Amino acid sequence: MCGRYTVTVSFEELVLHFMLDRRPAPYQPRYNAAPGQWIPAIIGGTGGEANRLGELRWGLVPSWAQDDKSGARMMNARAETAAEKPAFRSLLKRKRCLIPADGFYEWKRIGSQKQPVRFVLADGGLFGMAALYDTWLAEDGAKLHTCTILTTAANELVAEIHERMPVILPREQESLWLNRTVQDERELLPILQPYPAERMKYYEVDPKVGRVSYNEPDCIDPLAL
């Protein structure tokens, strides 16, 4: 699963990596992003336009849902079955996005305790997590834009801690994922693979990241032993 993550880079770094429209967009670094919160997301441009950065609430509420309460249980979607599940099937074809990140948290069990760790790329770089989004319309006409992060089987490194991991797309596949003209699942599903273990690493962090309300720069500091 993916239940907490970080994106601590500057807006300019996001622009350069994801080829974004340079117009100002809502963005603040996140050191402990959690489900239910509004998070930065990237949607592909159309007609040669640049990709766009906006905010989506983490936890998918499908457009056909009777109410907005499904988000709490739809923070993640399994990549292996996304083309089959009613909640995700149509979104895979036409409503794909990337969640920019530079790390994600998991909890390692040590005896009766759970120790949080932060997974990052070996080079410390920025990456995009594959996600789906939708828009739910309330009775009063208000629109709620939400998303779910796709997960896949853990690679050898992440498997030391958890059996699932977010789908981290190689940079060369990000444009395909964001390309709205691509709707054939036979092109999309093959890229939803575990990220190579040898290109990742992890380290222990302070248990304070377990508090959803705590979103400070020291969340990502290596644990001082």
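The largest pocket is lined by Ala 41, Ile 43, Arg 52, Leu 53, Gly 54, Glu 55, Leu 56, Tyr 133, Thr 135, His 145 and Arg 180. The model is a predicted one, in which local features need pLDDT of at least 70 and side-chain atom pairs count only at pLDDT 80 or more, while totals for chains, interfaces and linings use all residues. Residues are numbered from 1 along each chain as its sequence is written, and side-chain values use heavy atoms, with hydrogens and water left out.

The volume of the largest pocket is about 170 Å³. A pocket is an open set of points on a 1 Å grid over the protein atoms alone, with protein on both sides within 12 Å along at least five of seven lines; a cavity is a set of points where a 1.4 Å probe fits but cannot get out; lining residues have an atom within 4 Å of a point. Grid points are joined across faces, edges and corners, and a volume is the space filled by probe spheres set on the points. Strands β3 (38–43), β4 and β9 (127–137) each give two or more residues to the lining of the largest pocket. The largest share, five residues, comes from β4. Helices (H or I, at least four residues) and strands (E, at least two) are DSSP runs, numbered from the N terminus.

One cavity of 30 Å³ or more is found in a search of the whole structure. The largest cavity holds about 50 Å³ of space. Its lining consists of Ile 43, Gly 44, Lys 93, Arg 94, Lys 95, Arg 96, Tyr 133, Trp 177, Leu 178, Asn 179 and Arg 180.

Lys 95 is buried, with a relative accessible area of 17%. Buried means under 20% relative accessible area, exposed over 50%, partly exposed in between (1.4 Å probe, protein chains only). The side chain of Lys 95 makes a polar contact with the side chain of Asp 134 at 3.0 Å. A polar contact is a pair of N or O atoms within 3.5 Å; within protein, one must be able to donate a hydrogen and the other to accept it, and residues adjacent in sequence count only if both atoms are side-chain atoms. Not counting residues up to four places away in sequence, Lys 95 touches Ser 90, Ala 131, Leu 132, Tyr 133, Asp 134 and Thr 135. Contact means heavy atoms within 4.5 Å.

Three aromatic pairs occur in the structure. The ring centres of Tyr 5 and Trp 58 are 5.6 Å apart and the planes are at 65°, so this pair is edge-to-face. Tyr 5 lies in strand β1 (residues 5–7) and Trp 58 in strand β4 (residues 52–58), 53 residues apart. Both Tyr 5 and Trp 58 are buried. The rings of Phe 104 and Phe 119 have centres 5.1 Å apart and planes at 20°, so they are stacked. This pair joins strand β7 (residues 103–110), which holds Phe 104, to strand β8, which holds Phe 119, 15 residues apart. Rings of Phe, Tyr and Trp (its six-membered ring) pair if their centres lie within 6.5 Å; planes under 30 degrees apart count as stacked, over 60 as edge-to-face and the rest as tilted. Phe 104 is buried at 0% relative accessible area. Phe 119 is buried, also at 0%. Ring pairs link Phe 104, Phe 119 and Tyr 202 into a cluster.

Strand β8 (residues 113–121) also contains Gln 115. At 12% relative accessibility, Gln 115 counts as buried. Its side chain reaches the backbone oxygen of Val 205 at 2.7 Å. Beyond its neighbours within four places in sequence, Gln 115 is in contact with residues including Trp 107, Val 205 and Leu 223.

Met 19 lies in the loop between α1 (11–18) and β2 (30–33). At 55% relative accessibility, Met 19 counts as exposed. Phi of Met 19 is near 55°, a positive value in a residue other than glycine.
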